[in-house]
Amino acid sequence: MTPLPLLSILLTPLIILALATLLTWVERRLLGLWQDRYGPNRVGPGGLFQAVADGIKLLFKQDWIPPFADRGVFVLAPVIGMMTVLMSFAVIPVTALSGIAGNLNVGLLFVLAMMGLGVYAVVLAGWASNSKYALLGGMRAAAQMISYEVFMGISLLGVVMTAGSFSLYDIVTAQTRMWFVIPQCVGLIVFLLAGIAETHRLPFDLPEGENELGAGFHTEYSGMKFGMFFIAEYAGIVLISALVTTLWLGGWQGPVLPGIVWFALKTGAVVVLFILLRAALPRLRYDQLMALGWKVLLPLSLLNVTATGTVLMLRSAG
Amino acid sequence: MTLTATVSAGLTRPDALTGAVSDLCHSPVILASQQERDGVRVLWIAASDLRPALARLKEQGADALMLFDVTAIDERGRLHRNGQPEASFTVVYHLMSLAARADEIRIKVPLTGDAPELPGISDLWPNANWYEREIWDLFGIRFTGHPFLRRILTPPTWTDHPLRKDHHARATEMPPYSLTEDQEQHEQEALHFDPSLWGMKRHSDHSDFMFLNLGPNHPSVHGVFRIILQLEGERIVDAVPDIGFHHRGAEKMGERQSWHTYIPYTDRVDYLGGVMNNFPYVMAVETLAGITVPPRAQMIRVMLAELFRIASHLVFYGTMAQDVGQLSPVFYMFTDRERVFGIIEAICGFRMHPAWFRIGGVAMDLPAGWDGLIRAFLDDLPKRLDEYDAMVMRNPFFRARTKGIGAYTAAEAVEWGVTGPGLRACGPAWDYRRHAPYACYDQLEFDIPTGTNGDCYDRIAVHVEEIRQSLRIIRQCVDNMPAGPVKADHPLTAPPPKARTMQDIETLIHHFLSVSWGPVIPPGEARACVEATKGLNSYTLISDGGTTSWRTRIRTPSFAHLQMIPLLSRGVMIADLIAIIGSIDFVMADVDR
């Protein structure tokens, strides 16, 4: 689909990384605004280059691996985290004309598969660190992400059934008349909550829960290996937001402005929502999070699938 | 929950102690009785009679009798003992009945010899455990029958007992410190936790326990505090708090500093409480010296102390929200605290540790325009508190994390020596400002907020309501500030008046001596207690007729409260423990002193 596939393969990860880095600055400035303080405002215009300065600092830090860690896996874990998030972007249709993998007919399944693999990053990091805090964080991550994966998938089914396709392009084009946010709002809520859990952000940031576990699964990480977890988390937020845009908010579609601008605006709005949640809410406890998942969100998403199916069947029958 | 003042709800038999004490007074076990300047009755009992006597008192005092403090005095070389029984060391048990009026008694046990021993009482009052360990650590007095008589404030490798009079008090009295690699290794190994020492198992029938070191450096332990957790998954099987990392020997310093120059040290005991710490100290010195503080100084003291209560509670409120993962409130509350510090700075010239109280009054009169500053703050804070209620107290996630977590009953609170908001959260409307009014609290109107469940949420709710009550007290102080001097006209106040020093030699000499040596306080013993930010804070001072104290005992609320952590944390998750720690409201400097 794209005119220059190679160029876009090279460019997309760079853009995503730049965006994720920029997002760290956006988040800190927004949190500052909401919390009656400045946030980073010294380096460059409005503190914009703070993100660059942080990146340089992380790059030049000693690349230290704790002597008690399992070296191979310890190094591999952040790479997996980074890779899976970046791979997912391959099928996100930013505009009608872009996307590395083109119109993959199982695009959505591909994204879900990549997210599923992402769990390994956290679990392996917790395990390979060979430290108690990291292990507890890894355990929490395994339980949390695997459970939330289940209804994240189910919450998407409503959209897939309505659009009649797993292809992200087809799902966007199916929203020409009406965004799925209206018929599929239950699915959206479940997906958003699962997405927060998946990117382990407050109020579901238990794998790192700093007040309890220091830094959780990445306690032993420093330098650029920590940086990769960090950036992967922000790239993950962009990914979830981009998915919300694609699946519920009509993707690139919108009047007057070009598609890519609409896509960026919608994704940006969801990202800000993520940050606002972080500014506002306390963290749930491990068992409360699991109870919420299995007792509320799972039945809710199943109900959504049933209701969607019934409506579709009635409509096709009538 | 009701936030109104009811008298001692939950505490029964309000005047039990009086009867029990008069019974005890007439029994033959009493060696002597002593009446001190602070009006607290002191009874001397031989070590062998101690346990039966205390057991009887406890039985008669029912669930309202608190073991308030246990401490010791090194009597060797003391000059003015005024007919007290012969002793080289004395162990003091301070009991307090949480009745309609605070009713107190001190029981002293004379001990002879260089390595004295007496029966422990940690089976009668569980909170005696740490106090007895502290006395063993600092005085080298053994308690037989103690379950774990090991050092608590000094490192496990320590060899001396620092509060003994023959122990040096200054670094200059020691050779230069050096640490060889072997010593370092030895010290580090001593910090290794050995579960078998505590009678803990390493594994249950079906799984191995994980032993997790929470602290001494951990984001949520509020300072240097270590808790060793025995974990099964994320559930806590048992916990062992380890304190002493913040021990600076504040009590020992009291024996070296003059009565006046010790004031700044008190600020740093509960470092969030500022002048609240000066309060009991100067009151105790004034009791010893027989100084009456003028009304204006009293009211300035109360006003500043209440401002510090607000500052401390705001820190508590913000960090509590932070502990359960809410990021923003702490910033708003620290901003408000800055406004409090703005006022404190305008009045005192310092922010956190103004050391503003003086023996006999306060350092200086209020500056011009002080009332406008305070009034603006009084008008503004309630609105912001209402916003915080919506953001924190009514937040469903916050409630889910704090309701029903870390609950204890009023009876347990008394048993463990819990005072302050932690006690009121379980029901009793018991406040030292009301039940034993000091300074000018008897002229001020305020309610005593209480909770019902004694859980984390109620403790926070009580703190929040106390901020509002403090605002009310401060407004009354601003409206009714009396005119007059801010320092007593008394020869023992410090610093001494300077006005006539350049006119006659006699005044000059007195001034010179009083400044260079400090005042000579008449011999005796006095204790003063205040309702501090975190609970009851008291100073017991013994003067041997010198320019320094013979013994300075600081009873802090945080020390007592931390002891409860194992009880509260058994069976909960790590995240709950963090909420419990946050809701206890302690600072480590206040624990270790």
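1. Start with burial in chain A: of its 318 residues, 46% count as buried. Bear in mind that this is a predicted model. Contacts between residues 24 or more positions apart make up 76% of the contacts in chain A with a separation of 6 or more.

2. On the overall build of chain A, the chain has 11 helices and zero strands. Its radius of gyration is 20 Å, close to the 20 Å that the globule rule gives for 318 residues, so chain A is as compact as a globular protein of that length. If you want the outline, the C-alpha trace of chain A spans about 65 × 45 × 40 Å along its principal axes.

3. The UniProt record for chain A (an unreviewed entry) carries "transmembrane region" annotations, among them residues 6-26, 150-172 and 260-280. I looked at a couple of these in the model. Residues 6-26 of chain A are 100% helix and 0% strand, with the end C-alpha atoms 30 Å apart.

4. Which residues of helix 10 of chain A are buried? They are W262(A), F263(A), K266(A), T267(A), V270(A), V271(A), F274(A), I275(A) and R278(A). For reading that list, remember that an α-helix has 3.6 residues a turn, so residues three or four places apart point the same way. Note that K266(A) and R278(A) are among the buried residues here.

5. Now the contact between the chains, which takes 24 residues from chain A and 27 residues from chain B. On the chain B side, the elements giving two or more residues are strand 8 (210-214), helix 8 (295-323), helix 9 (329-348), helix 11 (396-402) and helix 19 (574-584) of chain B. By class, that side of chain B has 15 nonpolar, eight polar and four charged residues.

6. Chain B itself is divided into domain 1 (16-165) and domain 2 (250-556). The C-alpha centres of these two domains of chain B lie 27 Å apart. Their contact draws 24 residues from domain 1 of chain B and 27 residues from domain 2 of chain B. On the domain 1 side, strand 3 (residues 65-74) of chain B gives the largest share, six residues. That side has 14 nonpolar, three polar and seven charged residues.

7. Helix 9 of chain B is worth a look, as one of the elements on the side that touches chain A. Its 20 residues should span 28 Å at 1.5 Å a residue, and the end C-alpha atoms are 28 Å apart, which agrees. The buried residues of helix 9 of chain B include P329(B), Y332(B), D336(B), R337(B), V340(B), F341(B), I344(B) and C348(B). Among what covers the buried residues of this helix are helix 8 and helix 10 of chain B. Just after helix 9 of chain B, G349(B) takes a positive phi of about 90°.

8. R384(B) belongs to helix 10 (residues 370-393) of chain B. Is R384(B) buried or partly exposed? It is partly exposed, because 15 other C-beta atoms lie within 10 Å, and a residue needs 20 or more to count as buried. R384(B) and Y332(B) are 52 residues apart in sequence but 8.9 Å apart in space, C-alpha to C-alpha. Y332(B) is one of the buried residues of helix 9 of chain B.

9. Last, N129(B), which has its place in helix 3 (residues 128-139) of chain B. N129(B) is buried, with 22 other C-beta atoms within 10 Å. Apart from neighbours within four places in sequence, N129(B) is in contact with S122(B) and Q563(B). F512(B) is another matter: N129(B) and F512(B) are 383 residues apart in sequence and 47 Å apart in space, C-alpha to C-alpha.

Definitions and conventions
Residues numbered from 1 in each chain as written. Chains lettered and ligands numbered in written order. Predicted model: local features only at pLDDT ≥ 70, side-chain atom pairs only at ≥ 80, totals over all residues. Contact = placed C-beta atoms within 7 Å. Helix = DSSP H or I, 4+ residues; strand = E, 2+ residues; numbered from the N terminus. Nonpolar A, V, L, I, M, F, W, Y, C, P; charged D, E, K, R; others polar. UniProt positions renumbered as here; feature names shortened; annotations may be inferred. Buried ≥ 20, exposed ≤ 12 C-beta atoms within 10 Å, placed from the backbone. Rg over C-alpha atoms; globule rule 2.2 N^0.38 Å. Domains from an automatic or database assignment. Expected span 1.5 Å × (residues − 1).
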